[in-house]
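Please examine the model shown below before reading on. The paragraphs that follow treat the pairing of strands, the packing of helices and the overall dimensions in turn.

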Amino acid sequence: MELQTKIDVQRSQWHIEPHHKLLFVGSCFADNIGQRFKENAFHCVVNPQGVMYNPASVLQCISSQERADIVFITLGTNHIYRLKETGEIVANCQKRPASLFSEEELTIDECVDYLQRAVDLLLANNSTIKIVLTVSPIRYAKYGFHTSQLSKSILLLAADCVVKANECCTYFPAYEIMNDELRDYRFYNPDMIHPSAQAVDYIWERLDFAFFSDATRRYIEEWKPIRAALNHKPFNPDSEEYRQFLQQTKEKELNFYKKYDIQHC
């Protein structure tokens, strides 16, 4: 008896390797997944200019970024906010009065245009770059759930257009996994909007299947005991025993980075 709608996640023809430089840009879901890579000692940058929800803001962020090997772009909404005084699209209203801004909704074509320009910029910096597009499963209650769903539909269609037009782009179905495989409120935080830690764990596992090389899986397994030791909370942090433990752990950490010839960010 099947009790779950399983999303077909394809194994990518390219893989994330331990030495790759990763960039995560987009909604707070990008923060969640990017943080998992940080916790596992990957060289990655996560939302360097803060959370970006729409394709226009994503483009603004990417235009100022350095070279990356793999970029994850997570789209949250097609709603944008313009500063009335200048007409500038802002990524974040920074708690300024709502009266200073006008709200608009990007069309599918406008979303495609912003995303394609972002892809072109990334390719200009690295002709071999790989780009993963996702749509955040987080719903936006402030718009009403029907409007939120319409917004996600526009983003899904735009992402599909960009992936079909660019060989360097891949779509990862985080939105579909959350809404089909994990369609139960036990997989949400108490706000009933954001995915729980368990849900993020599950999506991380599907991401692993899609993109991780065998070398990357070994890398994560080797890092796991070092990470646990670094996060250890001692009963007596001033003891000589803990000082030696910490020194040994730091040596293991340094040797780990030397082995994989990477610079920890």
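The residue L75 has V135 in strand 7 as its bridge partner. This pair belongs to the pairing of strand 3 (residues 70–75) with strand 7 (residues 130–135), which is parallel and extends over 6 bridges. Two strands are said to pair if DSSP finds at least two bridges between them. Strands (E, at least two residues) and helices (H or I, at least four residues) are DSSP runs, numbered from the N terminus. The model is predicted: local features need pLDDT of at least 70 and side-chain atom pairs count only at pLDDT 80 or more, whereas totals for chains, interfaces and linings use all residues. Residues are numbered from 1 along each chain as its sequence is written, and side-chain values use heavy atoms, with hydrogens and water left out.

A second open sheet consists of 3 strands in the order 5-4-6, and here the pairing is antiparallel. Its edge strands are strand 5 (89–90) and strand 6 (101–105), each pairing on one side only. Strand 4 (residues 79–83) pairs with strand 6 in the antiparallel sense over 5 bridges. Within this pairing, S102 in strand 6 is the bridge partner of R82.

We now turn to the helices. Two packed helices are described by the angle between their axes and the distance between the axes. For helix 3 (residues 108–125) and helix 4 (residues 145–165), the axes come within 9 Å and cross at roughly 45°. Helix 3 is therefore oblique to helix 4, since angles under 35 degrees count as roughly parallel, over 145 as roughly antiparallel, 65 to 115 as roughly perpendicular and the rest as oblique. The crossing of these two helices is right-handed; a crossing has this name if the near helix is turned clockwise from the far one by less than a right angle, and is left-handed if anticlockwise. Contact, meaning heavy atoms within 4.5 Å, involves residues including I108, C111 and V112 of helix 3 and I154, L155 and L157 of helix 4. The contact has 12 nonpolar residues, 1 polar and no charged. In this classification Ala, Val, Leu, Ile, Met, Phe, Trp, Tyr, Cys and Pro count as nonpolar, Asp, Glu, Lys and Arg as charged, and the others, Gly among them, as polar.

Helix 1 (residues 28–39) packs with helix 6 (residues 197–211) at an angle of about 65°, with their axes 11 Å apart. These two helices are therefore roughly perpendicular to each other, and their crossing is right-handed. Among the residues in contact are F29, I33 and F37 of helix 1 and V200, I203 and W204 of helix 6. By class, this contact has 8 nonpolar, 1 polar and 2 charged residues.

Helix 7 (residues 214–230) and helix 8 (residues 240–259) pack at about 155°, with axes 9 Å apart. Helix 7 is therefore roughly antiparallel to helix 8, and the crossing is left-handed. Residues that meet include Y219, E222 and W223 in helix 7 and F245, T249 and K250 in helix 8. This contact divides into 8 nonpolar, 1 polar and 5 charged residues.

Finally, the chain may be viewed as a whole. It has 8 helices and 8 strands. The C-alpha atoms fill a box of roughly 60 × 50 × 40 Å along the principal axes.

Notes:
Axes fitted to C-alpha atoms, helices over the stretch in contact; angles between N-to-C directions.
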